[in-house]
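Subject: Structure for you to look at

Hello,

Here is the structure I said I would pass on. Please open it and keep it beside you while you read the notes below.

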Amino acid sequence: MSEWPFLDIVVFLPLAGTLLIGLIPRARVGALRIGALAVTVVTFLLSLGILMNFDTGTADFQLGTSVEWIPEWGISYITGVDGVSLWMVMLTTFLMPLSVLASWSVERRAKPYFIFLLTLETGLLGVFVSLDLFLFYVFWEASLVPMYLLIGIWGYRNRVYAAMKFFLFTLVGSLLMLVAILFLYFSFPGSPTFNYQELLGTPLSLGTQRLLFLGFFASFAVKVPLVPLHTWLPDAHTEAPTAGSVMLAAVLLKLGAYGLIRFAIPLFPDAARELVPLVMTLAIIGIVYGAAVAIVQRDMKRLIAYSSIAHLGFIVLGVFVGSIQGMSGGILQMLNHGLSTGALFMLFGALYERRHTRRIADYGGVARSAPVLAGVFLFVALSSLGLPGLNGFVGEFLVLLGTFFRYRWWVVPAAFGIILAAIYLLWAYKRVFHGPITNDANLRIPDLRPREMVMLAPILVLIAFIGVYPKPFLDRIEPSAQKVVDQLRDSSALPEAAVGDADAP
Amino acid sequence: MTTDAVLAPFIIGLPLAGAVILLLFGKRMGRVAGVIGSATVGVAFILGVISFFSLLSRPEEERAVSRHLFEWITAGSFQAGVDLLVDQLSIVMVLVVTGVGALIHVYSIGYMHGDERYPRFFAYLNLFVAFMLVLVLADNLLLLYVGWEGVGLCSYLLIGFWFERRAAANAAKKAFIVNRIGDFSFLLGILLLAFTVGSLTIGGVNSAAAGELTAGTATVAALLLFGGATGKSAQIPLYVWLPDAMEGPTPVSALIHAATMVTAGVYMVVRFSPVFEASGGTALAVVAWVGAITALWAALMACAEYDIKRVLAYSTISQLGYMFLAAGVGAYSAGMFHLVTHAFFKALMFLGAGAVMHALAGEVDMRKMGGLRKAMPVVGLTFLAGVLAISGVAPFAGFFSKDSILASAWFEDQYALWGIAVFTTLLTAFYMARLFFRVFEGDLKVPEGAHPHDAPRSMAAALVPLAVLAVIGGVINLPRLVTLEHFLEPVVGESHVPTGLTPWVLGGIALLVGIAGILIARAFYTTTAGATRRQRLQRLAPWFVTAVRNKFFVDRIYGRGIVLPGKALASFSSSVLDTKVIDGVVNGVAWLIGRGAEEGRHVQTGYVRNYAVITLLGVVVLVGILFLRIGVA
Amino acid sequence: MSIDVAVFGVMFVVVLGSSIAMLFARNAVHVALFLVVTQIGLAVAFLLEGAYFIAAIQIIVYAGAIMVLFLFVIMLLGVDRREALNEPLRGQRPLAVGLAALLAAEVLYVAYKGSDLITTGGGSQALQDLNADPGNVKALARVVFSRYLLPFEVTSILLVVAVVGVMVLARQMSAISPVSARSGSSVADKEEAA
Amino acid sequence: MTDVPPGYFLALAGLMFTIGVIGVLVRRNAIVLFMFIELMLNAVNLVFVTFARMKGNIDGQVLVFFVLVVAAAEVVVGLAIIMLIARRRASANVDDVRLLKW
C-alpha cells in the first residue's frame with residue numbers, strides 16, 4: 001500500500017483534472033462544477049492515504065519520490081512530506097472541494113475558472129512537497145499565476161489593481177529568493193545540485209548567510225505577510241472571489257510561513273538565529289498592528305484580511321521563538337488559521353451573494369433573518385479569536401507559552417493581540433448580525449442553504465475537534481518541529497529553558 | 001474508581017449534551033426544550049448530591065479525587081490534560097451551580113414562555129452550566145481557563161439574547177471584551193505559572209506555591225490571576241460590564257451575573273489561595289482592598305439607581321467585593337460561605353425582579369412602580385426574604401456569612417477594611433430597602449397598560465425554594481456546629497475564629513447597622529415627608545449626587561480615555577499609515593516607474609534617422625571601447 | 001609601380017569625389033548617377049587588387065542592373081522631386097557629421113596602424129599565383145562550389161524568398177493602383193537577371 | 001597587381017563608408033538613403049577585396065560575391081516597400097513615416 005506514490009498522485013491529480021474540465025463544453029456550467037468537485041474530492045480522498053501512511057515517529061521526509069530531472073544542472077524531482085508539510089497538504093486538499101462548493105455561483109467563464117482553481121491546487125501542493133529548490137521555485141511561481149488570474153478576472157470592482165499589486169509584491173519578493181537560491185546553488189561545494197537535503201550542509205560565512213536569509217525572507221515575508229509588506233493582502237482579499245479569498249487566506253499565506261520553516265531557517269540557521277529579534281519584532285508589530293487596523297475597517301473582507309495579518313504574526317512569532325511549544329503551536333496555528341479564516345471568508349461570501357455589499361454598515365440584524373448563518377459565523381469567529389475549547393486557542397496558547405519560555409516580555413504585546421481580536425471580531429459581528437434591522441434589504445436574507453451547510457460542516461467539526469483533542473495533530477507535528485527548533489537554536493549557547501525551570505522572572 | 005470520580009464527567013456532560021441537542025434540534029421541540037434543559041441540569045444536581053455524599057462518606061483527608069480523562073495539549077515538556085478534580089471546594093460549587101441553575105431553568109420555563117427563540121435560550125443556559133462546571137471541576141489551570149472563557153462566551157450569548165435591541169447587543173460585546181481584558185491578565189498568569197511551576201495542575205501549582213515559588217514570582221502570578229478575576233467577577237477597574245449586562249433576560253442575570261459566573265473569580269482566588277499566600281501579603285492585600293473599595297463604590301452607585309435590575313447588579317458587584325475582601329484577609333471559607341448564601345438570595349431577588357418585570361410588561365424603572373406586594377404576594381414575600389438576607393438581618397442567611405467576613409477582617413487587624421465593610425453594610429441595607437419600599441410598599445402604582453399578576457407556577461417553583469434557602473441558608477455554617485468552614489478546611493486551610501465576647505459584639509454591630517440602613521430607607525421612602533427629606537439631603541452635596549448618578553463618570557472616562565484614543569490610533573494606522581505611508585510608497589514606486597516611462601518614451605521619436613544616429617553613436621563608442629580594451633598593435 | 005600609383009590616385013579622387021557629390025546632389029537621379037561613377041571607380045580598384053571577376057560583376061550587376069532598378073523606381077516616383085535643404089531634426093546634421101568624423105578617425109587609425117598586421121599567408125604574391133594558375137574565375141568557382149557551397153545554396157533560397165516577397169508586395173500595390181502590377185513584375189524580372 | 005599598399009585602399013573604404021553613414025543620416029529621400037547604403041556596402045566590398053589581397057587567398061572575393069547577392073535581394077525588396085509606402089503616402093520622405101513613435 002505504501003508503495004503507491006500517493007504524494008505525487010495527489011499533487012498532479014488536480015492538474016490532470018484540468019484536462020477533464022477541458023473536455024466539458026463551456027456552456028455546461030453544472031457539469032463543470034461537478035467535474036471540479038469530483039476531481040478535488042478524489043484528490044482529498046487520496047490524500048487521506050498520505051495521512052494514513054504517515055509515520056508519526058520520525059522527522060524525516062516520507063512517502064516521496066526522487067527522480068533526476070535535468071541532471072546536467074543538478075535539478076531533480078524530489079518530493080516528500082514531514083510533519084510540517086503533511087498538514088499543509090491535508091489543509092489544501094481538504095479546503096479545495098469546499099472552495100469549489102463556495103464557487104457554485106460562478107457563472108461567468110466558469111470553465112477557465114475551475115481550470116485555474118485546479119491548477120492552483122497543484123501549484124500549492126507542489127510547493128509543500130518539493131524538496132528540490134528548483135522544483136520548489138517552479139511550483140512557487142506556478143501557484144502565483146492562477147491566483148493572479150482568479151483575482152484579476154473573477155474579482156470585484158477594483159480587481160485589476162488588486163491582482164497587479166498582489167502579483168508585483170510577490171514577484172519582487174520571489175525574485176530576491178531566486179537570486180538567493182542561485183547563489184546557494186553556486187556556493188555548494190560538491191557537484192552542483194538543487195537538492196534541498198544536500199544543500200542543507202552548505203558551508204557559508206555568516207555574512208553570506210545573512211544576505212541569503214534575507215533573500216529568502218523577502219519572499220516569505222511578503223507572502224506571510226509581515227508588516228510593512230502586507231498592503232497587498234487587504235486589496236487582494238477584498239477583490240478576490242470567495243474561493244480565491246479562501247485559498248488565499250487558508251493556504252497561500254501559509255506558503256510564507258512554511259517557507260520560513262522549511263527553507264529559511266534550516267538552510268541558514270546562524271543567520272536565522274541572529275535575526276530572530278528582527279523577525280519577532282515584525283511578527284509582534286503584525287499582531288498588534290493588524291488587529292488594531294482591523295478594528296476600524298468598514299469593509300468586512302478587509303477586516304478579515306487584517307485579522308489574517310495578526311494571526312500570521314502569531315504564527316511567525318511561534319516559529320521564530322525557538323522553542324518546541326512555539327514551533328508546534330505555530331504550525332498548528334497555520335492549520336487553524338486556514339480553517340477558521342477560510343470559513344469566515346466562505347461565510348461572508350455566502351452573505352455577499354445574498355446582499356452584494358461588503359460594507360459592514362449595510363448590514364445589521366442579520367441574525368434575525370439568517371440565524372443559522374449568524375450562529376455558524378459566531379462559532380468560527382470565536383475560533384478565530386482564540387476561545388479555549390476551539391482550535392485557535394490551542395495554537396495561540398502554545399505560541400504564547402513558547403514565547404514566554406524564551407522571551408518573557410514579548411508575550412505581553414502578543415497576548416494583547418488577543419484582546420484586540422475580541423474587539424474587532426465581536427464589534428464587527430455586532431454590527432453585521434446584531435441590532436435592529438435598519439435596512440429592509442436585510443429583512444429577507446435567506447439562511448444557509450444545504451450546499452453551504454455541507455461546505456461548512458466539515459470545517460466546523462474540525463474546529464471543534466482540534467480544540468478539544470489536538471493530540472493527533474500535535475503528535476505528527478512535533479518531531480519535525482523539534483528538528484527545526486534544534487536548527488534554530490544553538491544548543492551550546494542557549495540552555496534549554498525547559499518547563500520546570502524555577503527561576504523567577 | 002470512586003463514585004464521585006465516575007460521576008464528574010457526567011455532571012459536565014449532561015448539560016453539555018442538553019446544549020448540543022437543543023442547539024441542533026431545539027427548533028422542532030417547542031416547549032419541550034425547556035423541560036429538557038431543566039432536566040439535564042436537575043439530573044446533574046442529583047449527581048452532584050450523590051458525589052457530595054460519596055465524598056462525605058470518606059475520611060476527611062481522602063476527600064479529593066482527581067480523574068484524568070484524556071491528554072489535551074502536549075508539546076515538548078509541556079502537558080495539560082483534561083483532568084477533573086472533585087474535592088470539597090469544587091463540590092460546593094457544583095452544588096450551587098447545578099442547584100441554583102436548575103431552579104433558574106425551571107423559572108425560565110415560565111419567564112421565557114412565548115419567546116421566539118425559546119429553545120435557543122435553554123441551549124445557551126445549558127451550555128453555560130456545562131462551562132461553569134468545567135470551570136469548577138477542572139484540575140488544571142488551563143482547563144479552568146476553558147470554563148472561564150466558556151462562561152464568558154455564554155454570558156455574551158445570553159446578554160445579547162435579544163440582540164435586536166441595540167443596547168443588548170452593545171452590552172454583550174462590552175461584557176465579552178472587558179472580560180477579555182481580564183483574561184489577558186489571567187492568561188499571562190497561567191503562562192507565568194506554566195513556566196515557573198512546569199505543571200498547571202491545581203495540586204502542582206499549589207504545592208509549588210507552598211514550596212519553591214519565590215515571593216516575587218508568586219506576587220506577580222497572583223496579581224495576574226486576580227486581574228482575570230476582576231474581569232470575571234466585576235471588580236474595580238473592570239466592573240463596568242456588569243450593570244450593562246442587565247440587558248439580558250432576567251434569569252440570565254440571576255444565574256450568571258449573580259449566582260454563579262461572577263463568583264468564578266472568588267472561587268479561583270480561593271482555589272489558588274496558596275499562590276496568593278506565597279506572595280507574602282502583597283497580593284492578598286491588593287485583593288482585600290480592591291474588594292473593599294469595590295464593595296463601597298458599587299454600593300454608592302446602587303443608592304442612586306432607579307433601574308431595579310441595575311440596583312441588583314451594583315449590589316452584586318458590591319457583594320462580590322465582600323467575598324474578595326474575605327479572601328484577601330485569608331478568610332477563604334467565609335468568602336465561600338458568602339458566595340453560597342449570596343447565590344441564594346441574589347438569585348432570588350433577581351428572579352423576583354424578573355417576576356415584577358414579567359408582570360409589568362418589562363418595566364424596570366422603580367419610579368413607575370409601587371405597592372406591588374398586594375398584587376403579587378408571593379413575589380413580594382420572597383423578595384422581602386432576600387432583602388433581609390442581604391441586609392444582614394439575623395437569622396437570615398446573609399447575616400451569618402457577612403458577619404463572618406466582618407469578623408475575619410477585624411481579627412486580621414484590618415480595621416480600615418472592617419470600617420469600610422461595615423459602612424457598606426449600612427449602604428447595602430439602605431439601597432435594598434429603598435428598592436423594596438419603592439416597588440412593593442406604598443400605594444399601588446404600575447405603568448399604564450400593565451396588569452400585575454403574581455408569579456406563574458413555574459416561576460414560583462423557583463422563588464419559594466430560593467427564599468427558603470435565603471432564610472435558612474445560614475445554617476450551613478453555624479459557628480461550631482455544622483460548618484462549611486470545617487468541610488472546606490482541607491482545601492483552604494484552617495480558619496481560626498476566636499472565642500469570647502468579641503465575635504458576638506461584632507455580630508451585633510453588623511446587625512444593628514443593617515437594621516439602621518433599613519430604617520433610614522424607611523424614613524426616606526415610605527412617607528411623603530421622606531421625599532422632602534431626600535431633597536434636603538441631596539442639596540447638601542449636589543456634586544456628589546451628580547457624580548453618583550453618573551456612575552462616577554467611569555464609563556465616560558473609559559470611553560474618552562481608552563476607547564476613543566485607541567480607535568483614533570487604529571483609524572490613523574488604517575487610513576494614514578497603511579493607505580498613505582505604506583501604500584503610498586508602493587503606489588509611489590509604481591507612479592514613479594509609470595511617470596518615468598511616460599517621460600522616457602519620448603526618446604522614441606519615430607524618426608528613423610534619429611535612431612540611426614543613436615546606432616552610430618553606439619558603434620563609435622563600441623569601437624572606442626575596443627581600442628581601450630585591446631589597443632591597436 | 002608608377003602607373004599603378006597614378007591609376008590609384010585617379011581612382012581615389014574619382015571615387016571619393018563622386019561619393020561626396022552624392023551627398024550634395026539635390027536630385028535623386030544625380031545621386032544615382034554619381035553612385036554609378038563611384039561603382040565604376042571601385043571596379044577599377046578591384047582590378048588593381050587582382051579581383052577581376054568581382055570587378056566585372058561590379059559593373060554588370062551593380063552599376064548595371066541594380067542601379068537601373070534604382071533609376072526605374074526614381075522615375076516611377078517622379079524625377080523632378082527635389083529634397084528640401086532644411087533639416088527638421090534639430091542637431092541631426094552636426095551630430096551626424098561629428099560622429100561620422102569620429103568613426104572615420106577610428107577606421108583610418110586602424111587602417112594606418114594595422115594594415116601590415118593582417119598581411120599573412122602568401123600575401124599578394126599568393127593571390128597573383130592563383131590568378132595566374134587556375135585563373136581568377138576558376139579559382140573563385142572552386143572555392144564557391146566547394147567550401148562555400150552551403151552558403152551559396154542558402155543565397156539562392158534568399159533570392160527566391162525575395163522574389164516571392166516582392167510578388168506579395170506587388171499584389172498589395174495593385175490593390176492601390178492598377179499601374180503598379182507592371183512595376184512589380186518588372187522588379188521580379190530584374191531579380192532573375194541578377 | 002598593384003603594389004599600392006593595402007592601407008590606402010582601406011582608408012578609401014573607410015572614407016566611403018563614413019560618407020555613406022553621413023548620407024544615411026542627413027538625407028531624407030528613402031531612395032537616396034538606399035543608395036547611400038549601397039555605398040556603404042561597396043566600401044565593405046572594397047575592404048574584403050583588399051583583405052583577400054593581404055591574406056593571399058581568394059575567400060575575400062567570395063564574400064564580396066555574397067554581399068552582392070544580398071545587396072541585390074535587399075534592394076529589390078526595399079525598393080518594393082518604398083514604392084508601396086510612396087504610393088500610400090505620396091511621399092518618399094523617411095521623416096513622414098513615423099507611426100512607431102512613443
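Which residues in α16(A) meet which residues in α6(B)? Bear in mind that this is a predicted model. From α16(A) come A:L400, A:L401, A:F404 and A:F405, and they meet B:L191, B:A194 and B:F195 in α6(B). By type, the residues of this contact divide into seven nonpolar, no polar and no charged.

Two packed helices are described by the angle between their axes and the distance between the axes. The crossing of α16(A) and α6(B) is right-handed.

Next, chains C and D. In this pair, 84 residues of chain C are in contact with 68 residues of chain D. Elements giving two or more residues to the chain C side include α1 (2-24), α4 (92-114) and α6 (149-176). The largest share of that side, 12 residues, comes from α6(C). The chain C side divides into 59 nonpolar, 20 polar and five charged residues.

Last, chain D by itself. Chain D has three helices and zero strands. Its C-alpha trace spans about 50 × 25 × 25 Å along the principal axes. The radius of gyration of chain D is 17 Å, whereas a compact globule of 102 residues would have one near 13 Å. Buried residues make up 65% of the chain.

Regards

Terms used:
Residues are numbered from 1 along each chain as its sequence is written. Chains are lettered from A and ligands numbered from 1 in the order in which they are written. This is a predicted model: local features need pLDDT of at least 70, side-chain atom pairs count only at pLDDT 80 or more; totals for chains, interfaces and linings use all residues. Two residues are in contact if their C-beta atoms, placed from the backbone, lie within 7 Å. Helices (H or I, at least four residues) and strands (E, at least two) are DSSP runs, numbered from the N terminus. Ala, Val, Leu, Ile, Met, Phe, Trp, Tyr, Cys and Pro count as nonpolar, Asp, Glu, Lys and Arg as charged, and the others, Gly among them, as polar. A crossing is left-handed if the near helix is turned anticlockwise from the far one by less than a right angle, and right-handed if clockwise. The radius of gyration is taken over C-alpha atoms; the globule rule is 2.2 Å times the number of residues to the power 0.38. A residue is buried if 20 or more other C-beta atoms lie within 10 Å of its own, exposed if 12 or fewer, and partly exposed in between; C-beta atoms are placed from the backbone.
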